[in-house]
Structure formats: C-alpha cells, structure tokens
Amino acid sequence: FWGLSPPTLLAAMSGPWARYVGSVLGGSVPPERPGGTTAHGRRRRFSSDDWQAVVDYLCRTAFLNDRAQQAMRMVDRAEFVPGDGNPYIDAPQRIGHRATISAPHMHAAALNLLSSHLKPGARVLDVGSGSGYLSAVMALMVGPKGKVIGIDYLEPLVQLSRENVSKSQAALLRNGQLRLDVGDGWKGCPRDAPFDAIHVGAAASVIPAALIEQLKPGGRMVLPVGEPGGEQCFTQLDKDLGGHCSVKRFGSVVYVPLVHV
C-alpha cells in the first residue's frame with residue numbers, strides 16, 4: 001500500500017479497519033507527529049473528564065474490539081499523563097524526557113491490528129514502551145500465563161513507566177506478567193524471544209532484522225516505517241508458519257525515530 005492514494009488504499013482494505021480509515025481525513029490514517037500528533041490541522045479532538053467515555057468514543061470511531069476495550073477500560077490514561085497534561089483528550093501528551101504518550105486512537109489502531117495475537121498465554125514485545133500504557137494494556141490481554149516485555153532506551157523513562165504501572169496495576173509487575181527494561185529497540189530482546197506479537201512505538205527507517213527474527217512463525221508486528229521527516233507508513237508484518245513474511249501498509253504517520261543505542 002506504500003504511496004497509494006486514499007481511495008486506492010481504502011479499496012485495498014476491508015472490514016472495520018477500512019471503515020475507520022474512511023472516517024478520518026477522507027480515507028487515510030491521521031498522520032501522527034511524535035507520540036501521536038496529526039501532521040495536518042484536522043486532528044481528532046474528542047475530550048472528556050472521564051476515561052470510560054473516551055473508551056466509548058474509541059469503540060464508536062475506531063471500532064475498538066471487545067477484548068481491547070475491556071483491557072483499556074482497566075488502565076486509566078490519567079495515571080500515565082503528568083498532572084499538567086490532559087489525559088482525556090484524543091491527542092498525544094508530553095510525559096517528560098522529550099517523549100510523549102500517543103493519542104488514544106493510535107493505541108486503539110495498534111490494538112485492533114494485534115488483538116488476534118494478544119491471546120491468553122501470548123508472549124509480546126513492546127519496543128519504545130514510553131509511558132508504559134500500551135504495555136500494561138497488552139499485559140492484561142495476554143493474562144497471567146502470558147508475558148509482555150516493554151523496552152525503552154532511556155533509564156529515567158523506564159523508571160517512570162514502572163511508577164505509572166504501579167499506581168493501579170502493580171500486580172502485573174510483581175507476578176512477571178509485565179517487565180519494563182532498558183534496551184535497544186533495533187536489537188529487540190533476544191533472550192525472551194520468540195514473540196507472538198511485537199509493537200514498535202517509534203519509526204524505523206527499515207523494519208529491523210532482529211525484530212523479524214524474534215517474531216514467532218504465525219506472529220504479527222505493527223510499527224511505523226520511514227525516514228525521520230519523510231514519509232512514514234503504519235505497517236503490519238505477518239510471519240507465516242513457514243517463516244515467510246508479508247507486509248501491509250495502512251497509511252501515513254509521523255513518529256520520532258527509533259534510536260540506535
């Protein structure tokens with residue numbers, strides 16, 4: 001789908017995702033700047049004083065599926081956004097350390113694509129885990145027999161994510177369902193591989209070979225791909241049971257680069 005016009009992109013898709021794409025910007029995924037800001041002025045701007053209302057909004061507009069919305073309802077975004085931010089607006093928020101937490105609709109988009117691979121007992125890697133929000137949601141989805149590894153290259157940001165999760169989901173860290181570590185996203189986490197699902201929250205110029213290698217046959221990876229300041233696409237990579245990979249590209253986004261450490 002790289003470089004196709006919005007009507008062609010929409011024609012190549014089907015189901016709820018196509019309806020979601022058709023509902024924003026005339027057929028393209030809202031382009032995001034660092035952490036989830038749209039690249040043009042028509043940003044989605046839902047705001048509420050209640051997290052449950054935000055999730056209701058995502059169910060209507062982003063077609064958030066049942067398992068994902070149940071998990072998102074259990075993790076209040078307010079616990080991952082600093083006090084001077086607005087956790088209940090559909091826009092990214094600064095979290096310090098020159099980082100942001102993505103807009104809720106982008107978290108919903110990633111969860112919709114990964115949900116079929118976030119089954120109870122699954123093993124998941126979250127690269128560029130940032131605030132820890134999406135890592136916690138995915139840990140709830142994979143259950144006590146599953147495991148989510150979140151990695152980020154900044155120690156202070158990893159410590160912040162642990163503190164955020166501990167506010168109401170400390171059990172995820174205590175029981176090993178979720179682990180948040182310092183790591184190089186380009187190298188992944190080979191000691192815990194292979195993974196049923198991989199989410200990457202920063203743009204890679206190419207899909208990292210290490211992450212492809214660490215994806216289990218039958219697994220799925222979702223990530224933004226493209227050069228900093230250039231065209232980036234929200235991308236899905238599937239590895240079949242024979243180890244062969246196929247790629248789908250869904251639309252334009254703009255993220256901070258995936259940092260080499």
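**Reading burial, pairing and patches**

Student: Is G128 buried, exposed or partly exposed?

Tutor: Buried means under 20% relative accessible area, exposed over 50%, and partly exposed in between (1.4 Å probe, protein chains only). G128 has a relative accessible area of 28%, so G128 is partly exposed. Please note that this is a predicted model, in which local features need pLDDT of at least 70, side-chain atom pairs count only at pLDDT 80 or more, and totals for chains, interfaces and linings use all residues. Residues are numbered from 1 along each chain as its sequence is written, and side-chain values use heavy atoms, with hydrogens and water left out.

Student: Where is G128 found, and with which residues is G128 in contact, leaving aside its neighbours within four places in sequence?

Tutor: Helices (H or I, at least four residues) and strands (E, at least two) are DSSP runs, numbered from the N terminus. G128 lies in the loop between β5 (123–127) and α6 (133–142). Contact means heavy atoms within 4.5 Å; with neighbours within four places in sequence left aside, G128 contacts I151, D152 and G201. The C-alpha atoms of G128 and V200 are separated by 6.1 Å, although the two residues are 72 residues apart along the chain.

Student: Why is strand β8 described as largely enclosed by the rest of the structure?

Tutor: Six of the six residues of β8 (residues 195–200) are buried, so the strand is largely enclosed. Helix α6 is mostly covered, with nine of its 10 residues buried, among them Y133, L134 and M138.

Student: Which residues form a nonpolar patch on the surface?

Tutor: Like charges are joined within 9 Å, and nonpolar side chains (Val, Leu, Ile, Met, Phe, Trp, Tyr) within 5 Å. Accessible areas come from the Shrake-Rupley method with a 1.4 Å probe; for residues, only the protein chains shown count as cover. Y153, V259 and V261 form the patch, with about 270 Å² of accessible area together. V261 is placed in the segment after β11 (245–253).

Terms used
Patch = residues over 30% accessible without salt bridge, like charges linked within 9 Å, V, L, I, M, F, W, Y side chains within 5 Å. Salt bridge = Lys/Arg side-chain N within 4 Å of Asp/Glu carboxyl O.
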